[in-house]
Amino acid sequence: MTLALFRILARKRGFVYHWVSTKPPGRRKMNRVQRRSVAAFCVFLFAILLASYGEEEKGEAPYYRFWRGFKKAGLSMEDFHHALVTDFMPVTVKTHGKEGLVSYMVVLPPGSGTKVIPDEIALVAYASENTYKTITRTPHGLAYQKKHGDIFTGKGSPGSATIEIQGSSRASRSLVPIDFASTTARDFHREQAYDVFRKPVDWQTGHSIFFYGFRKPSLRPDFFWDALYKHVSYVRTAFTPFGLKGYVILVTQNEEIAFMNWDSKEGMEKALQSPQGKALVKDAMSILDTLLWKDFRGFDGTLNPGDCINYQFPRP
């Protein structure tokens with residue numbers, strides 16, 4: 001900061017340091033009071049700059065609903081897929097797309113239809129929790145919630161409260177991810193979703209990828225959770241420099257389900273080919289058997305087992 005700017009800012013704060021500009025360099029002397037004033041003012045300026053930087057970086061993370069849906073008994077898989085493609089997915093965007101829905105990611109895991117694997121997984125992001133609550137109270141929002149009952153089991157729709165599930169169940173349910181950074185290894189447990197970065201991210205941009213893995217049968221659940229916690233912590237640290245921006249996971253007794261968003265596919269590939277990336281892949285393979293690791297694509301009106309759909313739509 002130049003001396004002239006320093007003087008202007010000082011005047012705004014009530015400090016007029018005429019000695020700054022009136023005495024030639026090398027001959028300026030300050031008494032104790034002046035030195036303390038300058039020191040205090042420098043601290044003040046530093047605090048202002050730091051706050052300004054924080055405001056530039058600060059932003060509200062999306063409000064997520066991590067959904068696992070199981071089709072109703074008696075509904076064929078073909079009819080279930082048809083309902084998703086022609087009705088449910090378009091209605092989700094049409095109902096909420098102009099009112100605060102910011103991204104909509106849908107996955108049809110392979111092998112769905114079993115007791116364990118959901119028939120549909122979705123990460124639904126809203127601008128904020130207040131936005132979400134406002135939408136769900138509207139007539140069309142309430143109708144949308146009830147619509148889940150047409151094709152999904154249970155009462156755990158994205159508009160309902162979190163349901164505590166014991167063991168494997170074909171009850172559809174939705175979880176709100178909590179902050180991973182404030183979660184200790186002891187608190188990292190089954191049936192919980194986590195937002196690993198807890199920062200703003202636009203899932204309609206960049207490159208997104210999905211992962212679904214099962215605990216190695218040789219690992220006890222408590223060992224699995226401990227190893228997975230360390231793994232996720234390392235991913236958070238090691239891959240950030242390569243452009244990993246979004247990382248939302250769900251952990252159960254036997255699974256990790258993850259959505260990841262990168263600045264670019266090239267950045268992701270560089271991360272995976274780096275020494276730390278290779279070490280992380282090896283680490284993941286030691287604790288998880290992979291069911292699905294796949295890039296997201298845009299929605300083209302089709303949906304097949306193993307597809308990962310990033311439903312693109314305009315936002316206000």
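**Note on the predicted model**

1. Of the chain's 316 residues, 46% count as buried. The model is a predicted one, and its accessible surface comes to about 16,300 Å². Carbon and sulfur atoms account for 56% of that surface.

2. The chain holds nine helices and twelve strands. Where contacts link residues at least 6 apart in sequence, 71% of them join residues at least 24 apart.

3. Confidence should be read alongside the fold. The average pLDDT is 83, and 77% of the residues score at least 70. Residues 1-25 have pLDDT below 50, and this stretch has 28 contacts in the model beyond near neighbours in sequence. Residues 41-58 also fall below 50, with nine contacts in the model beyond near neighbours in sequence.

4. The largest nonpolar core has 28 residues. Those with the most contacts inside this core are Phe 188, Leu 228, Phe 239, Leu 244, Tyr 247, Ile 249 and Trp 262. Two or more residues each come from strand 7 (207-215), helix 7 (221-238), strand 8 (244-251), strand 9 (255-262), helix 8 (265-273) and helix 9 (275-287). Helix 7 gives the largest share of this core, seven residues.

5. Another core, of 26 residues, lies apart from the largest one. Among its members are Leu 75, Phe 80, Leu 101 and Phe 313.

6. Trp 262 deserves a separate look. Leaving aside residues up to four places away in sequence, Trp 262 touches Gly 206, His 207 and Ile 209, then Phe 239, Phe 242, Gly 243, Leu 244 and Lys 245, and also Gly 267, Met 268 and Ala 271. Of these partners, Phe 239 and Leu 244 are listed with Trp 262 among the residues with the most contacts inside the largest core.

Methods
Residues are numbered from 1 along each chain as its sequence is written. This is a predicted model: local features need pLDDT of at least 70, side-chain atom pairs count only at pLDDT 80 or more; totals for chains, interfaces and linings use all residues. Side-chain values use heavy atoms; hydrogens and water are left out. Helices (H or I, at least four residues) and strands (E, at least two) are DSSP runs, numbered from the N terminus. Buried means under 20% relative accessible area, exposed over 50%, partly exposed in between (1.4 Å probe, protein chains only). Contact means heavy atoms within 4.5 Å. Accessible areas come from the Shrake-Rupley method with a 1.4 Å probe; for residues, only the protein chains shown count as cover. A nonpolar core is a set of buried Ala, Val, Leu, Ile, Met, Phe, Trp, Tyr and Cys residues joined through side-chain atoms within 4.5 Å. pLDDT is the predictor's confidence in each residue, from 0 to 100.
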